[in-house]
Amino acid sequence: MKRCLQLAANGEGLVEPNPMVGCVIVHMEKIIAEGFHQQYGSNHAEVNAINKLQGFDKFDECSLYVNLEPCSHTGKTPPCADLIIEKKFKQVIIAQQDPNPLVAGKGIEKLKAAGIEITAGVCEKEALELNKRFNCFHQKNRPFVTLKWAQTADDIIAPQIRDPNYQSLRYISNQYSVREVHRYRACHAAILVGSNTAFNDNPTLDVRHWEGKNPVRVVWDPQLKLESNLHIFDGTTPTLILVDQYFQTNKHWEKENVEFIYIDFSIGAAKQTLEVLYSKGIQSLLVEGGRMVLQTFISENIWDETKVFTAPQKTYHTGLKAPFINHEPNYTENISGDILKTYIHG
């Protein structure tokens, strides 16, 4: 099963909104085939593993290991449970049940009804962690939320322009931390910034330092202040602009691949944002800033994971203070001098 999880992780950033799944086929205590779900809309892990055994006729002597319950419905591809039954596997070992209501135990029951021996819950904790974004979407009916920011050693996320060290501090994280952030972007379906960050930094919010799909851009612009010439409105990636409903009468500019959505920013802006994204089938959100946006999610207590990169340099407390999170870090690691602390919302 640990090999299944290793294989499944290869699909990170490529298979969403599907889960990451790996499959291993064992005959006479030896692995004879393996596969993983490689891209959304393509064959599932079980199919990729079985297809490697063309001409093989002893599936009834084989055990199939898979980290997620085989699907029992027709989506982009036929049900994997039907193929497993057709091949007459003697046993299927599963790490976790699929939380998707379209499956949710139906795959297991279908296999059992066909006389296949089922063992479930093997490495379940690791499997749940691997597909935490997929699981959250189906279990909590909202996207998985990751908060991320970089700060100096004295807790500043944006140094003052008049600071003599401003140019060297403008990009706080080192190149290896930046690459890790782009990996986060690739494995999240959407990314959110506020209007100040969009205007001051003019970011592209893409994955140019990692392989994967650019996330949907989401921008909080309550008062419709942003102009259409910013990088995030270049039309290359779907972009959602959330505007305060009291500005709905204002005429906004129009651009391809950009959608304006109105919410009430006076109460529960984070919650409303997640409701909008959930309605669009977006399973995960990376919140990158600025401080007000990040603190709003913390204050509304709607987040699942927080990543804080702390660089060794100081500003001597001149600049914008980092958000405050009242949690102890679950993990701490050193990324070539930057300290990355990970907080898990319990």
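This is a predicted model: local features need pLDDT of at least 70, side-chain atom pairs count only at pLDDT 80 or more; totals for chains, interfaces and linings use all residues.
Residues are numbered from 1 along each chain as its sequence is written, and side-chain values use heavy atoms, with hydrogens and water left out.

Start with helix α3, residues 80-87 (helices are DSSP runs of H or I, at least four residues, and strands are runs of E, at least two, numbered from the N terminus). Its buried residues (under 20% relative accessible area, 1.4 Å probe, protein chains only) are C80, A81, L83 and I84. These cover an arc of only 160 degrees around the axis, so they sit on the same side of α3; the arc is taken from the directions from the helix axis to the C-beta atoms. Just past α3, K88 has a positive phi of about 65 degrees.

Now hop over to β16 (338-344). Strands count as paired if DSSP finds at least two bridges between them. β16 pairs with β13 in the antiparallel sense over 6 bridges, and V308 has K341 in β16 as its bridge partner. β15 also runs antiparallel to β16, over 5 bridges, with Y331 opposite T342.

β13, β15 and β16 are among the elements that give two or more residues to the lining of the second largest pocket, though α6 gives the most, with 6 residues.

Note on methods. Buried means under 20% relative accessible area, exposed over 50%, partly exposed in between (1.4 Å probe, protein chains only).
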